Amino acid sequence: MPKVLVVDDAPDIVASLTDYLNDKGWDATGAADGAQALAILDGTFDAVVLDLNMPVQDGESTFEEIRTRPDLARLCVIVLTGFAEVEGAVRMIRRGAYQYLRKPFEHEDLRRLMIPGIAWRRAHALRHEILGSFDNNVLLQRIQIGRAH
């Protein structure tokens, strides 16, 4: 079950999206702004739906902080934006966000957009885990060989 954080300063959007995703069998949680999102986010989340224009801490600065945290570096980030904010969303995609969606949108369109992004994130995490395990095994073998001589 995908774990998603929905971040928007509009409580009705957070409530409707989290309810929709939870009804579809996902584990969705809401946050009212970027600061609250950063306090909630950890490495167990698969995706974050991040509104671009929010008071307290906007989507761009929140995204930049997400990218500095190793536990969140590969998080699938979907940016929500109004018509006039598309340039900001494109900037975020160039810096690593997965995709953007313009408001208003259909909830199912968002869910369909997240599925491949989450799959990529999980595959990348598994690849990293396997390669890390391989590197550790090779290192241990070299240490053991060195001790034998």
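Student: Which residues point one way from β3, and which the other way?
Tutor: Please note that this is a predicted model. Ala47, Val49 and Asp51 point one way from β3, while Val48 and Leu50 point the other way. In a regular strand, side chains alternate between the two faces of the sheet.
Student: Are those residues of β3 buried or exposed?
Tutor: They are all buried. β3 is mostly covered, with five of its five residues buried.
Student: Which strands pair with β3, and in what sense?
Tutor: Strand β1, residues 3-7, pairs with β3 in the parallel sense over four bridges. β3 also runs parallel to β4, and five bridges join them.
Student: What stands opposite Val48 and Leu50?
Tutor: Val48 in β3 has Leu5 opposite. Leu50 stands opposite Val79 in β4.
Student: What do β3, α3 and β4 make together?
Tutor: They make a β-α-β unit, and it is right-handed.
Student: Moving on to α4: which of its residues are buried?
Tutor: Helix α4 spans residues 86-94, and Val86, Gly88, Ala89 and Met92 are buried there. They cover an arc of only 160 degrees around the axis, which puts them on the same side of α4.
Student: What does the face of α4 turned away from the buried side carry?
Tutor: That face carries the exposed residues Glu87 and Arg94.
Student: And what do the buried residues of α4 pack against?
Tutor: They pack against β3 (47-51), α3 (59-68), β4 (76-81) and β5 (99-102).
Student: What follows α4?
Tutor: Gly96 follows α4, and the phi of Gly96 is positive, near 125 degrees.
Student: Now the core. Which residues touch the most other members of the largest nonpolar core?
Tutor: Leu5 and Val7 do, in a core of 20 residues. At least two residues of this core come from each of β1, α2 (34-40), β3, α3, β4 and α4. There is also a second, separate core of 19 residues, which includes Val14, Ala28, Val49 and Phe105.
Student: What is Leu5 in contact with, leaving aside neighbours within four places in sequence?
Tutor: Leu5 is in contact with Thr29, Gly30, Ala31, Ala37, Ile40, Leu41, Phe45, Ala47, Val48 and Val49. In soluble globular proteins, nonpolar side chains tend to be buried together.
Student: What share of the chain counts as buried?
Tutor: Of the 149 residues, 40% count as buried. The chain exposes about 8400 Å², and carbon and sulfur atoms supply 55% of that area.
Student: What share of the contacts with a separation of 6 or more involves residues 24 or more positions apart?
Tutor: Such residues account for 64% of those contacts in the chain.

Definitions and conventions. Residues are numbered from 1 along each chain as its sequence is written. This is a predicted model: local features need pLDDT of at least 70, side-chain atom pairs count only at pLDDT 80 or more; totals for chains, interfaces and linings use all residues. Side-chain values use heavy atoms; hydrogens and water are left out. Buried means under 20% relative accessible area, exposed over 50%, partly exposed in between (1.4 Å probe, protein chains only). The arc is that of the directions from the helix axis to the C-beta atoms. Contact means heavy atoms within 4.5 Å. Two strands pair if DSSP finds at least two bridges between them. A crossover is right-handed if, with the strands pointing away from the viewer, the path from the first strand over the helix to the second runs clockwise. A nonpolar core is a set of buried Ala, Val, Leu, Ile, Met, Phe, Trp, Tyr and Cys residues joined through side-chain atoms within 4.5 Å. Accessible areas come from the Shrake-Rupley method with a 1.4 Å probe; for residues, only the protein chains shown count as cover.
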